[in-house]
Amino acid sequence: MSSALDSLLDLLDLEQIEQDIFRGTSRSAIVPRVFGGQVAAQALVAAGRTVPADRTAHSLHSYFLRMGDPGAPIVYSVDRIRDGRSFTTRRVVAVQHGQPIFHLSASFQTYEEGLEHQADMPAAPDPDTLPTAAEMLPRYADRFSDPGVVDRLVEARAAVDLRYVDAPPFGTVGEPREPRSQVWFRTNGKLADDPLLHVCMATYVSDMTLLDSVLLAHGRGGWAVGDVVGASLDHAMWFHRPFRADEWLLYDQESPSASGGRGLGQARIYTQDGRLAITVIQEGVVRVPREG
């Protein structure tokens with residue numbers, strides 16, 4: 001297991017400071033605010049810690065309310081909304097400096113048999129044939145005005161092996177293309193068998209690239225290039241089937257719409273053997289910087 005993955009696991013191992021109240025810290029991000037995937041994953045950890053072990057997460061719905069301060073702890077307060085015979089519902093509010101920065105509702109379910117069908121997995125190359133982030137990112141160093149961006153991007157991806165199928169947005173600046181993107185990902189090391197850990201790790205990664213397809217449609221390079229500014233607004237996930245975040249997962253993403261300073265990304269995450277594991281939808285602020 002990599003030291004970066006160890007650090008990320010420590011980040012997700014929240015401190016319990018009272019019944020249904022937890023505290024987490026943050027790690028450095030590419031931009032000077034708390035990474036949205038981190039606060040979403042930590043909030044899901046907090047919710048899951050109050051749920052019986054035989055109930056696994058099947059959905060989450062969340063809103064990003066304020067930018068998080070990476071230099072301050074985040075307190076997660078869990079409300080036990082409902083404990084039914086099959087489903088358990090939790091609401092989590094993340095607070096910094098006395099103000100809510102994030103709100104999450106999550107639902108958990110006991111295992112049961114049911115009807116089965118799924119969308120087919122799209123074609124994608126073998127992930128082992130694609131370059132790692134450390135191999136790919138230096139190729140685009142000239143796209144960034146800040147020479148330290150490449151190192152920060154590599155560091156941000158050190159815990160997770162994330163591989164682009166095609167060039168990322170900053171690789172084709174000024175060249176609009178179909179608003180679709182694919183990445184393969186898995187953690188850089190083996191994880192424990194706890195299903196909640198794998199769900200939380202996938203939640204963390206899901207915020208890394210979901211709005212890429214919005215940028216691709218307009219030939220924009222992204223926040224690191226500086227030709228757009230933005231932030232996540234809301235994030236929803238549905239966990240359909242068991243999966244492991246330490247095994248290859250295909251993140252197939254597209255953007256059906258952008259308007260009003262917002263862009264929508266939707267995606268499906270498949271296991272390498274073709275099972276649909278997760279559906280993800282996110283809306284974010286995507287604005288072109290004003291000149292002058």
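**Salt bridges in a predicted model**

Arg163 counts as buried, at 10% relative accessibility, where buried means under 20% relative accessible area, exposed means over 50% and partly exposed lies in between (1.4 Å probe, protein chains only). The model is predicted, so that local features need pLDDT of at least 70 and side-chain atom pairs count only at pLDDT 80 or more, whereas totals for chains, interfaces and linings use all residues. Residues are numbered from 1 along each chain as its sequence is written, and side-chain values use heavy atoms, with hydrogens and water left out.

**Count and buried pair**
- With a salt bridge taken as a side-chain nitrogen of Lys or Arg within 4 Å of a carboxyl oxygen of Asp or Glu, the count comes to 14 salt bridges.
- Arg163 forms a salt bridge with Asp161, the closest N and O atoms being 2.9 Å apart, and Asp161 counts as buried at 9% relative accessibility.

- Arg244 and Asp193 form a salt bridge whose closest N and O atoms are 2.9 Å apart. Because Arg244 lies in the loop between strand E9 (229–239) and strand E10 (249–259), and Asp193 in the loop between strand E8 (180–187) and helix H5 (195–206), the pair ties together parts that are 51 residues apart in sequence; helices (H or I, at least four residues) and strands (E, at least two) are DSSP runs, numbered from the N terminus.
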